[in-house]
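Colleague: I have a model open here and would like to talk it through. Can we start with the whole chain and then go to some details?

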Amino acid sequence: MNHKKNAHFSLASVGVTNPNVHWNLSPAVLVQKTLSNGQGQLTNAGALSIDTGKFTGRSPKDRYIVEDEKTNNTVHWGDINIPMTTDQFDRLHTKVLNHLNAKEELYVRDAYACANLKYKLDIRVVTEFPWQNLFAYNMFLRPSDHEIEQFNHEWLILAAPGCMADPLEDGTRQENFAAINFTKKTIIIGGTAYTGEIKKGIFSVLNYTLPTENNVFPMHCSANVGQQGDTALFFGLSGTGKTTLSTDPNRKLIGDDEHGWSTSTVFNFEGGCYAKTINLSASKEPEIYKAIKFGAMVENMSFKNKNTHSLDFEDSSKTQNTRVSYPIDHIDNIVFNSRGNTPTNIFFLTCDAFGVLPPISSLTKDQAMYYFLLGYTAKVAGTEAGIDEPQATFSSCFGLPFLPLNPTKYAGMLGQKLAEAESEGKPIKVWLVNTGWTGGPCGVGSRMELPYTRRMIKAALNGELNKVAFEKEAFFGLHIPTECPDVPTNILNPRKTWKDKEAYDEKANYMVNLFKKEFQVYASTVTDEVNAVL
């Protein structure tokens with residue numbers, strides 16, 4: 001659909017005067033535009049393959065929030081939320097508009113976030129490239145034709161990869177930038193074509209507005225629903241298995257990355273999925289693999305065979321962060337209204353490259369608060385330049401780069417939800433799942449087998465683990481099941497998988513002390529019971 005000639009559709013009020021604007025083009029036309037512009041190729045499965053250029057991931061150090069009367073005393077300023085003055089934003093805003101107005105063509109997408117319509121956020125996305133617009137189509141929720149005819153945006157995104165900042169003139173760190181202005185309800189993105197900046201910009205907006213204005217708990221998690229209507233949440237940083245483990249043929253997918261938890265409902269913020277594709281296989285992740293078809297868009301991947309355009313899922317020469325975006329209905333088994341009930345189970349996913357955490361353990365409420373604020377996972381050798389051994393990384397609430405408010409705000413909301421469920425006689429089970437290494441650290445041990453992880457999660461979901469004994473391990477105080485159907489008993493306790501027990505003890509002690517040190521920043525804001533977890 002192209003509403004270019006409809007007088008109702010005008011960008012003049014937001015400063016875009018370019019006469020050649022394409023409104024809400026279909027995926028087929030956007031793909032055709034991209035191919036004719038020489039900006040992409042089709043894969044043998046029909047997906048569009050594009051290259052995002054210099055940036056293959058988000059640039060957290062170049063993400064800004066305007067500090068003004070609205071945000072001055074509400075945003076948690078620091079290395080994550082970097083302040084920008086109103087004047088700086090206005091200069092960059094003008095620069096972005098001038099750049100877009102000088103282009104031969106522009107592409108506009110009208111969309112919204114939040115499947116619970118009580119919290120619906122209408123978004124207008126203006127992009128320099130057609131494939132950026134396809135990403136917005138895939139990732140945000142899609143209004144009907146009738147809704148588009150009446151559409152009035154609340155938030156505006158201007159995405160201009162070719163618009164470079166001048167650090168000396170504009171006060172940025174370098175040429176690329178992503179800046180959020182909560183007063184003007186505008187996001188400007190320049191100098192980077194990485195599409196994730198678009199979706200995470202709106203996620204940051206919702207992480208600010210939903211807790212402060214609606215008392216809704218925003219979460220960086222995936223979610224699915226079982227046949228009995230039981231909802232499960234999967235929190236985790238990139239690479240821990242959020243998308244993989246929530247995409248289950250026996251459970252309906254609500255969403256793979258961003259959700260809100262209101263009084264009695266969990267709802268998806270998005271209308272699509274943005275999955276990592278490195279080492280993706282049809283055997284281990286069939287639903288995601290099958291979703292890579294026409295309408296999907298893969299980023300920064302190479303072809304295994306240039307004649308047939310078959311994708312090379314193992315090639316990380318460009319980046320480890322190869323991705324695919326697709327509308328959620330590319331997955332067969334989904335919840336069509338993208339909503340679920342209050343969760344029954346919550347999983348915290350961590351990729352422990354040091355090999356000391358159990359593959360699954362049950363958390364008390366205090367432990368849940370502790371590990372939620374800690375947000376631990378690890379980077380392994382080869383994932384980033386300069387990393388040649390495992391490195392622990394911590395991201396509070398499993399999503400610190402997207403949290404404008406103090407992390408304790410979100411942790412407090414989680415604690416309140418757990419307490420309310422317990423008081424109602426419907427306690428929520430919280431689990432810590434290690435999708436990383438066993439038998440030793442990365443380079444010595446081996447990666448946890450995905451079928452085993454899936455089986456342990458299945459046992460947690462269907463209540464099988466309620467019928468087995470648990471033991472308390474000695475270092476982290478975690479409660480480990482002594483058995484799990486179809487899973488070798490010896491892998492359930494990580495110490496038993498190490499040949500060198502003294503080496504395990506040394507590494508486990510090291511990690512306990514590291515966790516304690518990292519948690520000190522929150523020690524004064526939590527209860528004595530939470531502080532006493534480690």
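**Chain and helix contacts**

Modeller: Buried residues account for 59% of the 534 residues in the protein chain. Keep in mind that this is a predicted model.

Colleague: How many helices and strands are in the protein chain?

Modeller: The protein chain has 14 helices and 30 strands. Its radius of gyration is 23 Å, close to the 24 Å from the globule rule for 534 residues, so the chain is as compact as a globular protein of that length.

Colleague: What does the C-alpha trace span along its principal axes?

Modeller: The spans are about 70 × 55 × 45 Å.

Colleague: And of the contacts between residues at least 6 apart in sequence, what share joins residues at least 24 apart?

Modeller: That share is 70% in the protein chain.

Colleague: Switching to helices. At what angle do α1 and α3 pack?

Modeller: Helix α1, residues 27-36, packs with α3 at about 155°, and their axes are 8 Å apart. An angle over 145 degrees counts as roughly antiparallel, so that is what α1 is to α3. The crossing of α1 and α3 is left-handed.

Colleague: Which residues make the contact?

Modeller: From α1 there are Pro27, Leu30, Val31, Lys33 and Thr34, and from α3 there are Pro130, Trp131, Asn133, Leu134 and Tyr137. By class, the contact of α1 with α3 has seven nonpolar residues, two polar and one charged.

Colleague: What about α3 and α6, what is the angle there?

Modeller: Helix α3 (residues 130-139) and helix α6 (residues 196-214) pack at about 45°, with 9 Å between their axes. That angle makes α3 oblique to α6. The crossing in which α3 passes α6 is right-handed.

Colleague: Which residues are in that one?

Modeller: On the α3 side, Gln132, Phe135 and Met139; on the α6 side, Gly196, Ile198 and Lys199. The contact of α3 with α6 divides into three nonpolar, two polar and one charged residues.

Colleague: Different topic. Where is Ser395?

Modeller: Ser395 is in the loop between β25 (391-394) and α10 (407-423).

Colleague: Is Ser395 buried or exposed?

Modeller: Ser395 has a relative accessible area of 7%. Buried means under 20%, so Ser395 is buried.

Colleague: What does Ser395 touch, leaving out residues up to four places away in sequence?

Modeller: Ser395 touches Leu237, Leu374, Gly375, Leu400 and Pro401.

Key
Residues numbered from 1 in each chain as written. Predicted model: local features only at pLDDT ≥ 70, side-chain atom pairs only at ≥ 80, totals over all residues. Heavy atoms only, no water. Axes fitted to C-alpha atoms, helices over the stretch in contact; angles between N-to-C directions. Helix = DSSP H or I, 4+ residues; strand = E, 2+ residues; numbered from the N terminus. Parallel < 35°, antiparallel > 145°, perpendicular 65-115°, else oblique. Left-handed = near helix turned anticlockwise from the far one by under 90°. Contact = heavy atoms within 4.5 Å. Nonpolar A, V, L, I, M, F, W, Y, C, P; charged D, E, K, R; others polar. Rg over C-alpha atoms; globule rule 2.2 N^0.38 Å. Buried < 20%, exposed > 50% of the residue type's maximum accessible area, 1.4 Å probe, protein only.
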